[in-house]
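Subject: Structure handover and notes

Dear colleague,

I am handing over the structure below, together with my notes on what was found in it. Please read the notes with the coordinates open beside you.

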Amino acid sequence: MLANNMQKVRGLAYPYGLKADPKPGVPQEIADGVYWVRFSMPMALDHINVWLLKDGDGWTLVDTCLDIPSARQQWQDLFDNFLGDAPVKRVICTHMHPDHVGLAGWITRHFDAELWMSREEFLMCRSLASDTGRKTPEVAIRFYRAAGFNEKQLEDYCKRFGGFGRAISPLPDSYRRLLSNETIRINDRYWQMVVGSGHSPEHMCLYCPSLKLLISGDQVLPRITPNVSVFPTEPKGDTLKDWLHSNARIREQLPDDVLVLPSHQDPFFGLHVRLNQLIESHERGLVKLYRLLEEPRRAVDCFPALFAREIDDGVLQMATGETLAHLNCLIGRRMALREQDDHGVDWYRQQPESTE
């Protein structure tokens with residue numbers, strides 16, 4: 001197992017250090033039969049943690065990394081060496097994002113194994129992957145024009161449209177559906193499925209009471225806040241409300257003494273503290289955003305209320321989606337109004353208090 005190197009920062013305790021930085025591709029034993037493997041990614045978020053669970057005479061894998069050559073090679077090395085002759089019995093994907101599901105299809109075909117996911121994640125993933133090669137829908141262009149994109153930004157968005165499916169090996173045509181609160185047996189231990197939403201539609205965390213472990217996916221990360229966005233497919237969705245409610249529910253459902261195994265950064269103790277931090281940070285953002293709406297604003301004018309950094313074109317789409325999630329939440333709370341001008345641009349302002 002990894003050496004104990006406990007560090008405490010902002011109410012969280014990191015048993016393997018704040019930046020354990022395990023060598024990519026080298027399994028590290030976290031608990032009996034539970035191994036941590038880090039995969040590198042060529043992007044700002046430069047890694048993902050995946051989990052290998054010993055499962056009788058085989059293995060259960062949780063998450064897979066992007067479908068990129070380096071990740072395929074890393075998996076092949078694990079198959080040839082660490083896993084030995086033991087087969088992969090199933091691949092569990094916490095949610096549909098490419099860094100989690102990217103190689104699920106490739107691995108399940110390699111071992112004739114099952115893919116296990118929640119229904120909403122499986123179907124949404126297939127839907128988004130089917131956009132690869134399509135022309136950008138007019139409804140998507142109108143969506144980002146309404147948010148305040150200029151013509152150059154719209155052109156850049158159209159060039160990138162359909163990129164989701166390029167990082168994903170085709171999913172299998174069937175899967176095993178995971179359900180909220182069901183328990184599954186892995187290596188003669190029970191793991192309970194715990195659903196979160198907002199970051200993705202039906203995100204599955206895995207909780208093992210006997211090991212006191214929570215594989216949290218992206219639902220609970222220690223030092224970064226998962227993106228909670230609105231997209232052209234569901235422009236009036238209140239994903240932030242879903243996010244806040246699901247985090248509060250997880251806080252009530254699970255004990256605080258679990259070791260949280262996140263998809264990014266490092267394992268930590270302090271589940272309830274971190275859930276409180278995530279909820280409170282968004283509530284503060286909503287207050288700042290509401291104050292900014294004393295004057296009518298477009299979505300792209302609202303970035304200063306939510307982000308400390310300058311928003312460049314590289315993160316514009318993600319920042320816009322998150323800002324719209326906050327604006328839709330204020331509208332849902334009857335604290336803001338949306339009005340569209342003659343150019344198809346949405347303007348947001350505070351909703352006047354009722355005089356009734």
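Predicted model: local features only at pLDDT ≥ 70, side-chain atom pairs only at ≥ 80, totals over all residues.

Residues are numbered from 1 along each chain as its sequence is written, and side-chain values use heavy atoms, with hydrogens and water left out.

Overall fold

The protein chain holds ten helices and 17 strands, where helices (H or I, at least four residues) and strands (E, at least two) are DSSP runs numbered from the N terminus. Its radius of gyration is 21 Å, close to the 21 Å that the globule rule gives for 356 residues, so the protein chain is as compact as a globular protein of that length; the radius is taken over C-alpha atoms, and the rule is 2.2 Å times the number of residues to the power 0.38. Along its principal axes, the C-alpha trace spans about 65 × 45 × 35 Å. Buried residues make up 54% of the 356 residues, with buried meaning under 20% relative accessible area, exposed over 50% and partly exposed in between (1.4 Å probe, protein chains only). Of the contacts (heavy atoms within 4.5 Å) between residues at least 6 apart in sequence, 65% join residues at least 24 apart.

Nonpolar cores

A nonpolar core is here a set of buried Ala, Val, Leu, Ile, Met, Phe, Trp, Tyr and Cys residues joined through side-chain atoms within 4.5 Å. The largest one has 48 residues, and among those with the most contacts inside it are Leu214, Leu271 and Leu327. The elements that give two or more residues to this core include β2 (12-14), α5 (138-147), α8 (271-292) and α10 (316-332), and α10 gives the most, with seven residues. Leaving aside neighbours within four places in sequence, Leu271 is in contact with Leu214, Val220, Leu254, Pro255, Asp256, Val258 and Val260. A second, separate core of 36 residues includes Trp59, Trp75, Cys93 and Phe122. As background, nonpolar side chains in soluble globular proteins tend to be buried together.

Strands β13 and β14

Strands β13 and β14 run parallel and are joined by four bridges, two strands being counted as paired if DSSP finds at least two bridges between them. Leu259 in β14 is the bridge partner of Leu213.

Salt bridges

A search of the whole structure finds 19 salt bridges, each defined as a side-chain nitrogen of Lys or Arg within 4 Å of a carboxyl oxygen of Asp or Glu. In one of them Asp32 pairs with Arg189, the closest N and O atoms being 2.8 Å apart. This pair links distant parts of the chain, with Asp32 in the loop between β3 (28-31) and β4 (34-40) and Arg189 in strand β11 (residues 189-196), 157 residues apart. Asp32 counts as partly exposed, at 45% relative accessibility.

Asp257 forms a salt bridge with Lys212, with 3.2 Å between the closest N and O atoms. Here too the pair links distant parts of the chain: Asp257 lies in the loop between α7 (239-253) and β14 (259-262), Lys212 in the loop between β12 (203-208) and β13 (213-217), 45 residues apart. Asp257 is partly exposed at 40% relative accessibility, and Lys212 is partly exposed with a relative accessible area of 45%.

In the salt bridge between Asp67 and Arg72 the closest N and O atoms are 2.8 Å apart; Asp67 counts as buried at 19% relative accessibility, whereas Arg72 counts as partly exposed at 30%. Arg38, Arg223 and Asp266 are linked in a network of salt bridges.

Two single residues

Ser200, in the loop between β11 and β12, counts as buried at 4% relative accessibility. Not counting residues up to four places away in sequence, Ser200 touches His95, His97 and Glu121.

Ala325 is found in helix α10 and is buried, with a relative accessible area of 0%. The C-alpha atoms of Ala325 and Val230, which are 95 residues apart along the chain, are separated by 5.3 Å. Residues up to four places away in sequence again left out, Ala325 touches Val228, Ser229, Val230, Asp238, Thr239 and Leu240.

Best regards
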